[in-house]
Amino acid sequence: MSYRELESFKKKVASLDASIARLEEKKDAQFKKRNEAETQRKAILDSEALEGKEPDDKQLGKLRKIIEECEQEIVEIDNRITLIEQKRKEALAPELPAIRKGRDREIERLKREADAHFHDARKLMFEYLLALQKVGRVRDEANKLNRDFVQHAKMADPEEYTRTHWNRGDDAIPTPVLFYDDAGIKLGIREGDQKAALNGKIEPMVMLYQLTGELESSNNAASAKLRKVAK
């Protein structure tokens with residue numbers, strides 16, 4: 001992610017880098033030209049030394065001049081590259097206040113966006129707690145119904161219903177609190193799941209809901225359905 005001030009800064013950096021790259025290409029061309037001239041000059045001198053062939057002094061002088069000019073050009077290019085690198089900080093420093101101001105502006109914008117998402121998350125949290133309250137009320141009704149049943153069942157079989165602990169209400173309606181799994185079925189929100197979501201990782205159940213709107217309480221079942229969706 002970027003913003004206009006930083007993009008402008010990056011373009012200036014790229015321009016300086018491009019200047020250095022062009023100079024490096026020119027230097028490489030001078031090296032190649034010098035090496036070719038040196039190879040030709042050496043061949044002429046070797047021919048003189050090995051075969052006694054009289055060299056063309058004019059050609060030797062021309063090659064020597066090419067070599068000297070190339071070496072001078074290489075030194076000049078190196079000096080220009082060094083100057084650009086030395087002046088880089090001087091060229092870029094005036095841009096720093098603008099890119100810092102732009103960064104602060106963009107972070108503030110992202111903070112407002114995050115605040116809006118957190119606002120939505122808080123509403124969902126309240127709705128979740130209200131839903132838990134409803135579950136608790138239903139569970140209490142189930143427990144009350146079971147107590148009435150046991151109380152009256154004792155009249156028919158006092159030995160059985162006095163000796164055995166009967167608590168069908170809690171057994172039938174588990175408590176969906178945080179950090180609670182029931183045979184691999186998610187009934188609440190783990191702290192680890194919250195941290196994972198903040199880091200961009202969501203479980204198959206959440207991914208399935210995001211893609212299809214379907215509510216699934218088992219990750220294994222959700223994974224199977226996602227595989228079908230992907231086909």
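Ala 221 is partly exposed, with a relative accessible area of 27%. This residue of the predicted model is found in helix H8, which spans residues 219-230. In sequence Ala 221 stands 16 residues from Met 205, and the C-alpha atoms of the two are 8.2 Å apart in space.

**Overall architecture**

The chain holds 231 residues, and 19% of them are buried. Its secondary structure amounts to eight helices and two strands. Read from the N terminus, the order of elements is α-α-α-α-α-β-β-α-α-α.

**Helix H3**

Helix H3 covers residues 96-156, a run of 61 residues. From its first C-alpha to its last, H3 reaches 87 Å, which is close to the 90 Å expected at 1.5 Å a residue. The buried residues of H3 are Ile 99, Gly 102, Glu 106, Gly 136, Asn 143, Asn 146, Val 150 and Ala 153. An α-helix has 3.6 residues a turn, so residues three or four places apart point the same way.

| Helix pair | Angle between axes | Distance between axes | Handedness of crossing |
|---|---|---|---|
| H1 and H2 | about 165 degrees | 9 Å | left-handed |
| H1 and H3 | about 145 degrees | 8 Å | left-handed |

Helix H1 comprises residues 4-51 and helix H2 residues 57-92, and the angle at which they pack is about 165 degrees. H1 is therefore roughly antiparallel to H2. By class, the residues in the contact of H1 with H2 are 20 nonpolar, four polar and 16 charged.

The second pair, H1 and H3, packs with axes 8 Å apart. On the H1 side the contact is made by Arg 4, Glu 5, Leu 6 and Phe 9, and on the H3 side by Ala 98, Ile 99, Gly 102 and Arg 105. These residues divide into four nonpolar, one polar and three charged.

Which residues does Gln 30 contact, leaving aside its neighbours within four places in sequence? Gln 30 lies in helix H1, and its partners on that basis are Cys 70, Glu 73, Ile 74 and Ile 77. The relative accessible area of Gln 30 is 19%, and the residue is therefore classed as buried, the limit being under 20%.

Gln 59 has its place in helix H2. Is Gln 59 buried or partly exposed? With a relative accessible area of 28%, Gln 59 is partly exposed. When neighbours within four places in sequence are set aside, Gln 59 is in contact with Gln 40 and Ile 44. The C-alpha atom of Gln 59 is separated by 8.3 Å from that of Arg 41, a residue 18 positions away along the chain.

Conventions:
Residues are numbered from 1 along each chain as its sequence is written. This is a predicted model: local features need pLDDT of at least 70, side-chain atom pairs count only at pLDDT 80 or more; totals for chains, interfaces and linings use all residues. Side-chain values use heavy atoms; hydrogens and water are left out. Axes are lines fitted to C-alpha atoms, for helices over the stretch in contact, and angles run from 0 to 180 degrees between N-to-C directions. Helices (H or I, at least four residues) and strands (E, at least two) are DSSP runs, numbered from the N terminus. Angles under 35 degrees count as roughly parallel, over 145 as roughly antiparallel, 65 to 115 as roughly perpendicular and the rest as oblique. A crossing is left-handed if the near helix is turned anticlockwise from the far one by less than a right angle, and right-handed if clockwise. Ala, Val, Leu, Ile, Met, Phe, Trp, Tyr, Cys and Pro count as nonpolar, Asp, Glu, Lys and Arg as charged, and the others, Gly among them, as polar. The expected span of a helix is 1.5 Å times one less than its number of residues. Buried means under 20% relative accessible area, exposed over 50%, partly exposed in between (1.4 Å probe, protein chains only). Contact means heavy atoms within 4.5 Å.
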